[in-house]
2 protein chains.
Amino acid sequence: MKLNFNVKGSMRDHVYQTLRANILNLELEPGRSISENEIAEQLEVSRTPVREAFLKLVQEELLEVYPQRGTFVSRINLDLVEEGRFMREHMERAVTQLACNHFPAEALLSLEANVKLQRLEAIARNNIRLHELDDEFHQTIFQGCKKERIWNSIQQLNMDFNRLRLLRLQMNLDWDQIMDHHQLIFEAIRDKDPVQGEQWMKQHLRLVVVEGDEIKAEHPKFFKS
Amino acid sequence: MKLNFNVKGSMRDHVYQTLRANILNLELEPGRSISENEIAEQLEVSRTPVREAFLKLVQEELLEVYPQRGTFVSRINLDLVEEGRFMREHMERAVTQLACNHFPAEALLSLEANVKLQRLEAIARNNIRLHELDDEFHQTIFQGCKKERIWNSIQQLNMDFNRLRLLRLQMNLDWDQIMDHHQLIFEAIRDKDPVQGEQWMKQHLRLVVVEGDEIKAEHPKFFKS
DNA sequence: ATTACCATACAAGTATACAAGTTTGCTATA
DNA sequence: TATAGCAAACTTGTATACTTGTATGGTAAT
């Protein structure tokens, strides 16, 4: 846990961003106890902004507060992971069909640029950046269809999936295949072909399934129930 | 705005529930300004729990805070209404198919009881209770498929739809048709018929479309953009 | 009459003090 | 030694004072 400067934005947001990142990093392990005072000292702010950041994290189910007892980083919930996967699959397919009917030219350009950037970053083996670009690709599709809150809901449901993914020593992702899919999805949107678009998106999403039970067996303390 | 007792639960939650209900009632009109001090006085608590309730309402997009300027009840966003409708349609259809494959006996009993209760309340013309039962019917399907957070996401996206609905003097809902649909959906789940189930759910959801533009023309001040 | 400036009021953001409940561990007693 | 009970050291919940930024209205100079 590193402290940042209190330069820009509100302290509340700074604390929130810091904690959220550290929880999703697993630097703050699932199940670990964490107190308002502890964080306030470490980040050199008062309890109030820390408390308000905690509240936001509670709503996202990244923290669990038990009044007068303590606050804990939530454990990973495999049911939630499946729920997120389910929602993502269905909504991405539906939105892709929408995109293949109407899609703003501006957003289409973003998609194209994104795909090209991915090829570059793939050569540089920059996996972190590739993950970001992957997210942006899908987000752009939702934005183009004016469905960004649905994307946000998906992201929130997928937080446990992201933590789960980090527990694998290496996600042997086949970026070549992923990028091919992105290319094909982009072309389907460009060429207004809803049937192909949905098919490729369906294929694409099948790449990101993670076997949670194995990982749970390795790290039982990090999991719920 | 009526004040309640500070008997049970936290003050924060009490304030939150009160404000949320009054916003969704339209007793607190979209666009109206509202301050922490004002609410703290009315509800006879300090600013802290009010402030924390505000934060939660901001996250649900029912309030908008402009630092050092003021806080306002958010205006109704028709894009959001459409986004909620879209998500609801697709997720309800997907979950209904799930339910038609596996569904816990316990949840199935709940559905059956719910359908029967609806018939009773329809005779009593108790529309408020009918709306509650309608929500519970759909919620039960999601619960039975272990997809309750998806239901919660839908509910959150549909808050603007609910406010919109209240602006109609009378929603001429055909409860007989609605209840018939519920019966048919229940039977499809019971008889494990995914095709019929999804079809009826699709039909069913087409009943609750609201023409937002007309209402916006009548009450322009309540709407965004 | 218009404009520039300043005083004031009021908004949310933050810090700190206090209240109330829980856990923990020591102590006194059997 | 074992156990009941109490006290101290935590926790989060709430109240209040202070800080900082913004809007507003009045006043004086042009």
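Reader: Which element gives the most to the surface near DNA strand C, and with how many residues?

Author: In this predicted model, helix 3 of chain A gives the most to that surface, with 3 residues.

Reader: What makes a residue count as near DNA strand C, and which are the closest?

Author: The C-beta atom, placed from the backbone, has to lie within 6 Å of the strand. Around DNA strand C there are 18 residues, and the closest are A:S10, A:M11, A:S46, A:T48 and B:T71. Helix 1 (11–24) and helix 3 (47–59) of chain A each supply at least two residues of this surface, and so do helix 2 (36–43) and strand 2 (70–73) of chain B. By class, the surface has 5 nonpolar, 9 polar and 4 charged residues.

Reader: Which residues come nearest to DNA strand D?

Author: A:S35, A:T71, B:M11, B:S46 and B:T48 come nearest, out of 19 residues around DNA strand D. At least two residues of the surface near DNA strand D come from each of helix 2 (36–43) and strand 3 (70–73) of chain A and helix 1 (11–24) and helix 3 (47–59) of chain B. That surface divides into 5 nonpolar, 9 polar and 5 charged residues.

Reader: Why are the two copies said to be related as by a two-fold rotation axis?

Author: Chain A can be laid on chain B with an RMSD of 0.1 Å, by a turn of 180° and a shift of 0.1 Å along the axis. The copies are thus related as by a two-fold rotation axis.

Reader: Why is it said that the copies meet through the same surface?

Author: Of the interface residues of chain A, 100% are also interface residues in chain B, so the copies meet through the same surface. Chain A puts 18 residues into the contact, and chain B puts in 18 residues. On the side of chain A that touches chain B, helix 3, helix 4 (78–99) and helix 7 (148–157) each supply at least two residues. Helix 4 of chain A gives the most to this side, with 8 residues. By class, this side has 8 nonpolar, 3 polar and 7 charged residues.

Reader: Why are helix 4 and helix 7 of chain B called roughly antiparallel?

Author: Their axes come within 8 Å and cross at roughly 155°. Angles over 145 degrees count as roughly antiparallel, and helix 4 and helix 7 of chain B are therefore roughly antiparallel to each other. Helix 4 passes helix 7 in a left-handed crossing. The contact is made by B:L80, B:E83, B:G84, B:M87, B:R88 and B:M91 of helix 4 and by B:I150, B:I154 and B:L157 of helix 7.

Reader: What makes up the contact of helix 4 with helix 7 of chain B, by class?

Author: The residues divide into 6 nonpolar, 1 polar and 2 charged.

Reader: Where do helix 6 and helix 7 of chain A make their contact?

Author: The axes of helix 6 (residues 127–144) and helix 7 of chain A come within 7 Å and cross at roughly 145°. The contact is made by A:Q139, A:F142 and A:Q143 of helix 6 and A:E148, A:I150 and A:W151 of helix 7. By class there are 3 nonpolar, 2 polar and 1 charged.

Reader: How many helices and strands does chain A have?

Author: Chain A has 11 helices and 3 strands. Along the sequence, their pattern is α-β-α-α-β-β-α-α-α-α-α-α-α-α.

Conventions:
Residues numbered from 1 in each chain as written. Chains lettered and ligands numbered in written order. Predicted model: local features only at pLDDT ≥ 70, side-chain atom pairs only at ≥ 80, totals over all residues. Axes fitted to C-alpha atoms, helices over the stretch in contact; angles between N-to-C directions. Helix = DSSP H or I, 4+ residues; strand = E, 2+ residues; numbered from the N terminus. Parallel < 35°, antiparallel > 145°, perpendicular 65-115°, else oblique. Left-handed = near helix turned anticlockwise from the far one by under 90°. Contact = placed C-beta atoms within 7 Å. Nonpolar A, V, L, I, M, F, W, Y, C, P; charged D, E, K, R; others polar. Least-squares fit on C-alpha atoms with pLDDT ≥ 70 in both.
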